[in-house]
Amino acid sequence: MLIHNADIAEIFNEIADLLEIQGENPFRVRAYRNAARSVSESSKNVRTMIAEGADLKTIPAIGDDLALKIREIVATGSCPLLASLRAQLPSAVVALLRVPGLGPKRVRQLYEQLHVQSLEQLEQAAAEGRIHTLRGFGPLTEAHILANLRGRLDKSHRYQFAQASQRAEALLVWLAALPDVERVEAAGSLRRLRDTVGDIDILVTSREPAAVTQRFVAYDDVSAVLARGPTRASVALRGGLQVDLRVVEPECYGAALTYFTGSKAHNVALRRLGQELGLKVNEYGVFRGKTCIAGETEESVYASVGLPWIAPELREDRGEIEAARVAALPTLVTRSDLRGDLHTHTLASDGRASLCEMALAARERGLSYLAVTDHSKRLAMTHGLDATRLAAQIGEIDQLNAQLTGITLLKGIEVDILEDGRLDLPNAVLARLDLVIGAIHSHFDLPRERQTERILRALDHPSMTMLAHPSGRLIGSREPSDIDMLRVIRKARERGCFLELNAQPERLDLTDTVCRMAKDHGVLVSINSDAHSVAQLDNLRYGVNQARRGWLEKADVLNARSLAQLRPLLARTMRSRVREASESP
Ligand code: DGT
Ligand code: CA
Ligand code: CA
């Protein structure tokens with residue numbers, strides 16, 4: 001494990017916290033805190049200093065004893081003093097320190113006088129009104145702790161991106177209406193366009209932070225104020241979603257936006273890059289010694305460590321920094337690159353609009369082709385199509401295509417993949433279509449091997465063009481199936497099949513990392529709305545978000561092809577299959 005200054009600072013800070021909870025001599029506590037700050041602010045990397053035989057005591061606040069500890073940490077990756085302090089306290093007590101408003105001194109009071117050893121016990125004590133009896137804690141503090149915990153204990157819940165993004169947009173508009181607000185921007189996972197969001201982070205630049213936090217907590221949708229300080233505040237919205245606000249000076253806008261956009265792993269990597277150049281990178285700017293050399297824009301922050309600006313979607317420390325270094329960042333696909341949509345439903349199964357309404361709505365959205373892929377008969381509750389009804393729909397599509405201009409309907413089906421991997425309609429029917437999307441709608445919890453084999457068998461079917469939403473997950477309500485996606489991707493590659501990235505906000509299936517795996521194996525991804533209504537055609541944008549997180553470029557996306565380019569791609573797979581099917585006995 002390579003130790004960096006930040007790791008040492010973290011260890012020293014934790015030591016100081018633990019010493020303070022135990023009621024240690026304040027001077028000793030302060031010595032560790034000072035050392036932590038000094039090491040984290042030092043432009044010299046202690047690991048390098050040790051390697052070069054430099055004297056650690058040239059770092060302010062570091063004496064013989066601390067220098068020895070630093071050497072020990074760098075050499076072994078751990079610190080015996082920290083280990084022994086941790087062993088003396090129940091580990092849940094340390095978690096109490098992370099509750100806003102609780103410093104080590106207060107944690108010690110709670111621990112010693114109320115025997116509170118965990119967040120759960122803290123919540124209970126607050127709910128029972130025992131906390132405000134302690135010296136230095138009033139009823140307000142107690143209420144504050146309770147509100148905070150209730151928000152926090154709910155924190156494992158993650159929200160669909162679309163839900164959080166809609167809530168955030170309204171709140172941004174509310175904040176932007178205040179004249180004191182200069183810029184207002186969503187940061188965190190929301191800005192990185194993650195498929196799920198733990199909480200919303202908002203960054204504002206203003207010379208009047210107090211006015212901004214005032215307006216923030218007064219927002220109509222706020223159900224509780226969890227924390228409030230001069231330049232920051234956290235609230236819970238109705239329904240529980242938490243929002244963190246930070247107000248900064250315009251001069252540090254870029255540095256703060258970079259920091260609060262994250263991800264944490266990306267930030268750590270940037271900071272280390274800075275450290276190697278003798279720079280300190282934090283939310284206030286990029287510093288050489290005490291001089292700020294960058295921070296007003298994100299571009300300036302990245303430039304200071306020798307990098308081009310990196311799109312927020314990529315900031316996960318999954319190779320984007322290395323790619324940026326060698327000018328190999330992808331040119332990410334955009335919504336306007338999409339030329340069509342290859343998965344939609346109509347009134348014929350469980351959609352809510354007619355063929356013609358869907359076609360016109362797609363054209364209005366700038367698409368030039370739309371595949372109609374209603375369900376197959378097995379899904380009785382969706383009124384799925386049998387061979388006869390499918391043949392009728394094919395006739396209707398031919399008629400409509402003869403009348404419509406500017407949009408072409410493609411004939412398809414979302415055919416059910418049965419439990420054993422067979423498809424729900426005979427090949428003679430499927431072979432008449434422009435494309436066949438296979439999808440699983442039952443038996444989501446087969447063991448990994450059987451689930452994978454089931455999909456591989458479906459991909460081997462002569463008419464199969466594309467695999468829909470493979471994992472079957474529904475964010476917040478159904479876990480993904482257990483599937484070996486690498487084998488699926490290899491099979492798709494071998495068979496010339498495509499993978500769907502289903503853009504419904506509760507699906508977003510493929511995940512970002514599977515998109516990237518598909519790209520790496522040369523399997524084209526189709527970003528499909530799976531629209532069951534005209535309005536749901538707009539789901540495409542969520543799919544594009546996810547594709548961008550998966551590093552996909554225009555060339556990696558099937559429906560970024562023009563219809564003229566698409567037809568041979570679909571036909572090639574269909575033709576070879578038809579031949580194969582007629583050859584097989
Ligand atoms: P979420 O809310 O779980 O969906 O994910 P994020 O990434 O929005 O995380 P959040 O809200 O805890 O923090 C927002 C950003 O602030 C995060 O992406 C990076 C930055 N940040 C937060 N805590 C730390 C930290 O301890 N160290 C560093 N380097 N950055 C942090
Ligand atoms: Ca967040
Ligand atoms: Ca946050």
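Me: Is Gly240 buried, partly exposed or exposed?

Reply: Buried means under 20% relative accessible area, exposed over 50%, and partly exposed in between, with a 1.4 Å probe and protein chains only. Gly240 has a relative accessible area of 26%, so Gly240 is partly exposed. This is a predicted model, in which local features need pLDDT of at least 70 and side-chain atom pairs count only at pLDDT 80 or more, while totals for chains, interfaces and linings use all residues. Residues are numbered from 1 along each chain as its sequence is written, chains are lettered from A and ligands numbered from 1 in the order in which they are written, and side-chain values use heavy atoms, with hydrogens and water left out.

Me: Where is Gly240 found?

Reply: Helices (H or I, at least four residues) and strands (E, at least two) are DSSP runs, numbered from the N terminus. Gly240 sits in the loop between β6 (232-237) and β7 (242-248). Its C-alpha atom is separated by 20 Å from that of Leu193, 47 residues apart along the chain.

Me: Are Asp199 and Asp201 buried or exposed?

Reply: Asp199 is buried, at 9% relative accessible area. Asp201 counts as buried too, at 16%.

Me: What lines the second largest pocket?

Reply: On a 1 Å grid over the protein atoms alone, a cavity is a set of points where a 1.4 Å probe fits but cannot get out, and a pocket is an open set with protein on both sides within 12 Å along at least five of seven lines; lining residues have an atom within 4 Å of a point. Here 17 residues line the second largest pocket, and Arg194, Asp195, Thr196, Arg473 and Ile475 lie nearest its centre.

Me: Which residues line the largest cavity?

Reply: The lining consists of Ala255, Thr258, Tyr259, Asn267, Leu270, Arg271, Val281, Asn282, Gly285, Val286 and Val301. At least two lining residues come from each of α13 (253-261), α14 (264-276), β8 (280-282) and β9 (285-288).

Me: How do β9 and β10 pair?

Reply: Two strands pair if DSSP finds at least two bridges between them. β9 and β10 (residues 291-294) run antiparallel, joined by 3 bridges. Val286 has Ala294 in β10 as its bridge partner. The two strands form a hairpin with 2 residues between them, and Gly289 in the turn has a positive phi of about 60°.

Me: What is the order of the open sheet of 7 strands?

Reply: The order is β11-β12-β13-β14-β15-β16-β17, with parallel pairing. β11 (340-344) and β17 (525-528) stand at the edges with a single partner strand each, so one side of each has no neighbour in the sheet. Within the sheet, 4 bridges join β12 (residues 369-372) to β13 (residues 408-416). Val372 has Lys411 in β13 as its bridge partner.
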